[in-house]
Amino acid sequence: MKPAAFDYLRAESVDEVLEGLSNEGGNARVLAGGQSLMAMLNMRLAKPKLLIDIMRLKELNRIEEQAGVVTIGASVRQAALLAWPELARTLPLLALALPWVGHVQTRSRGTICGSLAHADPSAEMPLALIALGGQVHLRSARRRRRLAASEFFLGMMATARAEDELIEAVSFPAQGGSRCAFREVARRHGDFAIVACVAVATPNGVRFAVGGVADIPMARDWPRLDGSALDDALNGFAYELGARNDVHATARYRRDLVRIIGRDLVREVLQ
Amino acid sequence: MTRLRADSRHPIRFKLNGRPVEGEAEPRMLLSDFLRHQIGATGTHVGCEHGVCGACTVVIDGMLARSCLTLAAQVDGCEIRTVEGLAPSADRLGILQRAFRRNHALQCGFCTAGILMSLDHYLRRHPAPSETDVRDLLSGHLCRCTGYTPIINAALQAAAELATAIEEKPDV
């Protein structure tokens with residue numbers, strides 16, 4: 001339970017980070033809050049040769065709201081976003097979901113972008129990114145690009161980030177007052193979600209997203225549904241998610257949660 | 001740029017409970033191990049070493065943190081508080097610690113150092129917590145002895161006492 005040996009680089013500029021990533025490729029990992037990566041290192045599930053610490057880079061520690069988009073830099077901690085006074089107005093979904101990310105003791109260190117980079121299927125931030133249709137800002141020494149949430153997550157703990165790319169920031173479209181709801185079922189508060197669901201009202205109806213069931217968070221856009229039409233849509237989606245049995249819950253229990261929580265949340269936001 | 005080589009030890013300096021300390025660490029050394037083995041501050045306990053159990057919780061620059069998910073190299077120049085800093089003097093316990101003793105909020109004591117750090121940090125900022133608040137805070141810690149109820153009682157009693165008492169100063 002101790003990490004394998006690595007070099008440690010405390011970056012003083014983004015260019016140093018990009019240089020390190022470009023020189024060392026897959027042998028380098030970016031260290032932000034460390035709340036996922038350090039555990040992976042301790043268990044030797046990851047054995048990078050170089051860790052690049054980005055937490056002293058002030059330029060990555062920004063939360064900006066511009067033209068209806070909220071951009072959150074790579075070194076912004078979860079606790080800092082939760083304490084941002086504009087959060088409840090601009091991104092009420094994150095205000096609801098962030099208290100479910102780990103515990104007070106880990107949110108104080110963990111970052112939003114780190115949670116996305118880790119891409120745990122049951123994590124709340126990837127779910128919120130999918131539900132709101134956000135973008136991941138990637139940067140390497142050779143290019144900058146933005147990927148939509150639906151393109152970024154490829155599978156369980158797998159993303160479209162290339163080995164030389166830094167997740168520089170993530171952006172969420174501000175919700176502009178659209179109603180949203182979040183609910184999660186876990187054995188204890190702060191544990192990994194057995195099922196986590198989000199509903200967000202859209203101009204034509206509702207977007208419903210589920211984490212913790214498939215390998216990546218999945219979303220569906222539906223018109224205003226009610227009664228048996230809603231039940232049918234939820235039932236269909238529950239099966240499409242391909243739930244599996246594991247030590248925490250059976251596949252059937254997960255489908256049940258999707259149907260029951262889904263009905264509540266969709267009704268709540270369409271009221 | 002500061003690049004610390006994997007195969008050598010590097011000087012690490014920080015403030016521990018207000019006093020400057022220093023030691024040497026390879027880049028991969030965890031803060032929990034650095035505190036215990038290099039500094040000799042064994043009050044911080046090491047449980048699961050992957051951030052789940054909370055036994056190693058300390059305060060880094062005013063933030064609660066798992067010292068097992070932090071590298072010693074990351075805290076160079078930081079201010080760290082550990083359980084050794086809670087008592088007003090070597091032969092006296094603080095208000096929170098006394099409440100723990102009174103309520104039998106520890107049995108084996110393995111998880112206690114981390115729980116005390118979380119509660120101390122929280123109560124300083126939230127002087128009138130509800131039982132729900134305390135339970136939520138404690139969800140970041142595992143205790144296998146007490147069943148948590150005595151810990152919650154101790155936390156609420158300490159909060160009430162702290163609200164009325166003037167913070168105890170070290171004896172001069």
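The centres of domain 2 of chain A and domain 3 of chain A, taken over C-alpha atoms, are 21 Å apart. This is a predicted model, where local features need pLDDT of at least 70, side-chain atom pairs count only at pLDDT 80 or more, and totals for chains, interfaces and linings use all residues. Residues are numbered from 1 along each chain as its sequence is written, and chains are lettered from A and ligands numbered from 1 in the order in which they are written.

The assignment for chain A gives domain 1 (7–53), domain 2 (58–173) and domain 3 (180–270). Domain bounds here come from an automatic or database domain assignment. How many residues of domain 2 of chain A are in contact with domain 3 of chain A? There are 20 from domain 2 of chain A, facing 18 residues of domain 3 of chain A. Two residues are in contact if their C-beta atoms, placed from the backbone, lie within 7 Å. On the domain 2 side, α5 (92–97), α8 (124–132) and β8 (153–155) of chain A each give two or more residues. Helix α8(A) has the largest share, seven residues. Sorted by class, that side has 15 nonpolar, four polar and one charged residues. Ala, Val, Leu, Ile, Met, Phe, Trp, Tyr, Cys and Pro count as nonpolar, Asp, Glu, Lys and Arg as charged, and the others, Gly among them, as polar. Helices (H or I, at least four residues) and strands (E, at least two) are DSSP runs, numbered from the N terminus.

Next, the sheets. Chain A has an open sheet of five strands, in the order β4-β5-β10-β6-β7, with antiparallel pairing. Two strands pair if DSSP finds at least two bridges between them. At the edges are β4 (63–66) and β7 (144–148) of chain A, each pairing on one side only. Neighbouring strands are turned by 25 degrees against each other on average, direction ignored. Inside this sheet, β5 (residues 69–73) and β10 (residues 166–173) of chain A pair over five antiparallel bridges. There, A:V69 stands opposite A:P173.

β2(A) and β3 (residues 50–53) of chain A run parallel, joined by four bridges. A:R29 has A:L51 as its bridge partner. Axes are lines fitted to C-alpha atoms, for helices over the stretch in contact, and angles run from 0 to 180 degrees between N-to-C directions.

Where do the two chains join in that sheet? β1(A) and β1(B) pair in the antiparallel sense over three bridges, and A:L9 stands opposite B:R3. The whole contact takes 30 residues from chain B and 27 residues from chain A. On the chain B side, β1, β5 (63–66) and α4 (131–138) each supply at least two residues. β5(B) gives the most, with four residues. That side has twelve nonpolar, ten polar and eight charged residues.

β5(B) also pairs with β4 (residues 57–60) of chain B, antiparallel, over four bridges. B:V58 is partnered by B:A65. In their hairpin, with two residues between the strands, B:D61 takes a positive phi near 45 degrees.

Chain B is assigned domain 1 (10–85) and domain 2 (95–164). Their C-alpha centres lie 21 Å apart. Domain 1 of chain B puts 13 residues into the contact, and domain 2 of chain B puts in eleven. β4(B) has the largest share of the domain 1 side, with three residues. That side divides into seven nonpolar, six polar and no charged residues.

Last, a helix pair. Helices α2 (residues 95–102) and α3 (residues 112–125) of chain B pack at about 130 degrees, axes 10 Å apart. α2(B) and α3(B) are therefore oblique to each other. The cut-offs: under 35 degrees is roughly parallel, over 145 roughly antiparallel, 65 to 115 roughly perpendicular, and the rest oblique. The contact uses B:L96, B:Q97 and B:F100 of α2(B), and B:T112, B:L116, B:L119, B:D120 and B:L123 of α3(B). By class, that is five nonpolar, two polar and one charged residues.
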